[in-house]
Amino acid sequence: MRLYKFITDWILIFAILGGIAGYFAYTSIPALDGTHQTALEIVQTVQPLLIFGMLFLTFCKVNLNELRLRRYHWWLLLFQVGIYLALGALTLIIPHGSARIVTEGAMICFICPTATAGAVIVKKLGGSAINIATYTILINLAVSLVIPATIPLVHPNPQMSMWNASVLILGKVFPLLLFPLLSAYLLRQFLPRFHHYVQQYGHLSFQLWVVALALATAVTTRYIVHSDVSVSTDLWLVAVSLVACLLQFYIGRRIGAIYGDKITAGQSLGQKNTVLAIWMGYTFFTPITSVAGGFYSIWHNVINSWQLYNHKKKSAECDKHARLEHAPAHLN
């Protein structure tokens with residue numbers, strides 16, 4: 001039982017390690033050499049479907065009538081989009097090379113939407129699941145518009161105009177981020193019985209996340225192996241993902257503290273849908289930038305585990321103190 005609990009507590013880390021090991025195991029089999037490109041194309045097709053399914057099942061659990069925008073949501077959004085745009089402007093004056101790649105990695109870490117599993121962690125820490133669900137939808141809406149508007153500037157395509165490039169990217173991002181929400185809403189409105197049936201399988205969104213993360217890590221590993229960038233660039237991507245993670249948890253909690261909801265605000269800004277970050281990295285940016293998304297997944301899971309441990313420890317101490325206070329006088 002202890003082994004099972006250990007695996008389930010760290011399942012996302014195991015998914016990352018499994019993706020890395022799976023890639024090297026697959027490429028070490030000579031008989032499969034001719035299937036590598038086909039396998040990559042299959043993964044790149046399946047990955048958006050997994051993200052869609054993950055978001056759809058999550059949004060099916062959300063009642064839009066219960067959602068309420070809080071003032072701090074706008075400050076969190078301003079911070080995320082503002083830092084992303086500032087970094088994007090910086091890339092326009094940085095020549096192509098390691099510095100630009102690292103800056104792009106930072107852009108991914110800041111603009112990535114909140115993790116769909118964020119509500120689970122927030123509830124365990126004593127925050128508001130409704131408030132983080134509201135921000136998850138808000139940041140998904142923002143990302144679906146900001147990414148198509150800015151990527152053609154950061155990565156111009158010489159074969160098409162900026163407008164055509166934006167429309168092409170919009171066609172990839174908008175359905176992936178917003179169709180799950182729209183589908184879940186329409187299902188609740190017009191097929192309530194089927195919606196109730198789907199809700200019973202909402203827990204599968206986490207399993208889809210695990211599979212998607214393993215596949216995304218395998219693809220990231222491939223780009224690292226085949227990349228011609230220096231080891232120092234990879235290390236800088238690792239470092240920038242750590243800084244971005246710590247900064248967003250810190251800023252989120254500081255903003256939330258002003259409005260009496262620091263736990264929810266911290267998780268809203270710090271806990272990311274890293275599968276989407278990795279996908280955005282190798283789809284729209286320089287592919288090696290997906291390394292930043294992969295390591296962000298490690299950092300935010302380590303922080304979450306530390307937070308949960310401290311929360312359980314403090315709760316146990318409070319319970320013990322309460323029992324002593326209410327114990328009969330002769331037992332004190």
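Author: Gladly, and we can begin with the open spaces, bearing in mind that this is a predicted model. The largest pocket holds about 1000 Å³ of space, and its lining is made up of 41 residues, with A117, V120, I121, K124 and F206 lying nearest the centre.

Reader: Which helices supply at least two residues each of the lining of the largest pocket, and how does that lining divide by class?

Author: Helix 1 (2-9), helix 2 (11-27), helix 3 (36-60), helix 6 (118-125), helix 7, helix 10 (204-226) and helix 14 (290-326) each supply at least two residues of that lining. By class, the lining has 20 nonpolar, 14 polar and seven charged residues.

Reader: What makes a residue part of the lining of the second largest pocket, and which residues line that pocket?

Author: A lining residue must have an atom within 4 Å of a point of the pocket. For the second largest pocket, with about 360 Å³ of space, the lining consists of L125, L246, F249, R253, K262, I263, I303, W306, Q307, N310, H311 and K314. Helix 14 provides the largest share, six residues, and helix 11 (231-258) and helix 12 (262-270) are also among the helices that supply at least two residues each. The classes here are six nonpolar, three polar and three charged.

Reader: What makes a space a cavity rather than a pocket, and how many cavities of 30 Å³ or more are counted?

Author: A cavity is a set of points where a 1.4 Å probe fits but cannot get out, whereas a pocket is an open set. By this rule the count comes to one cavity of 30 Å³ or more, and the largest cavity contains about 30 Å³ of space. F59, V62, L64, L181, A184, Y185 and R188 line it, with helix 8 (residues 162-190) giving the largest share, four residues. By class, the lining of the largest cavity has six nonpolar residues, no polar ones and one charged.

Reader: Why is N140 called buried?

Author: Buried means under 20% relative accessible area, and N140 has 1% relative accessibility, so N140 counts as buried. N140 is found in helix 7, and, leaving out residues up to four places away in sequence, N140 touches L55, F59, P113, L177 and L178.

Reader: What makes a set of residues a nonpolar core, and which members of the largest core touch the most other members?

Author: The members have to be buried residues of the listed nonpolar types, joined through side-chain atoms within 4.5 Å. The largest nonpolar core has 82 residues, of which I51, Y84, I111, I147, W279, M280 and F284 touch the most other members. Helix 7 (residues 129-154) contributes the largest share of this core, eleven residues. As for I111, its contacts are Q80, V81, Y84, V143, V146, I147 and M280, not counting residues up to four places away in sequence.

Reader: How do you know whether the radius of gyration of the protein chain agrees with that of a compact globule?

Author: For 332 residues, a compact globule would have a radius of gyration near 20 Å, and the protein chain has 21 Å, which agrees. The box filled by the C-alpha atoms, taken along the principal axes, is roughly 80 × 45 × 45 Å.

Reader: How many helices and strands does the protein chain have, and what share of its residues counts as buried?

Author: The protein chain has 14 helices and zero strands, and 46% of its 332 residues count as buried. Among contacts between residues at least 6 apart in sequence, 82% join residues at least 24 apart.

Notes. Residues numbered from 1 in each chain as written. Predicted model: local features only at pLDDT ≥ 70, side-chain atom pairs only at ≥ 80, totals over all residues. Heavy atoms only, no water. Buried < 20%, exposed > 50% of the residue type's maximum accessible area, 1.4 Å probe, protein only. Contact = heavy atoms within 4.5 Å. 1 Å grid on protein atoms, 1.4 Å probe; cavity = no way out; pocket = protein on both sides within 12 Å on 5 of 7 lines; lining within 4 Å. Points joined across faces, edges and corners; volume = space filled by probe spheres on them. Nonpolar A, V, L, I, M, F, W, Y, C, P; charged D, E, K, R; others polar. Rg over C-alpha atoms; globule rule 2.2 N^0.38 Å.
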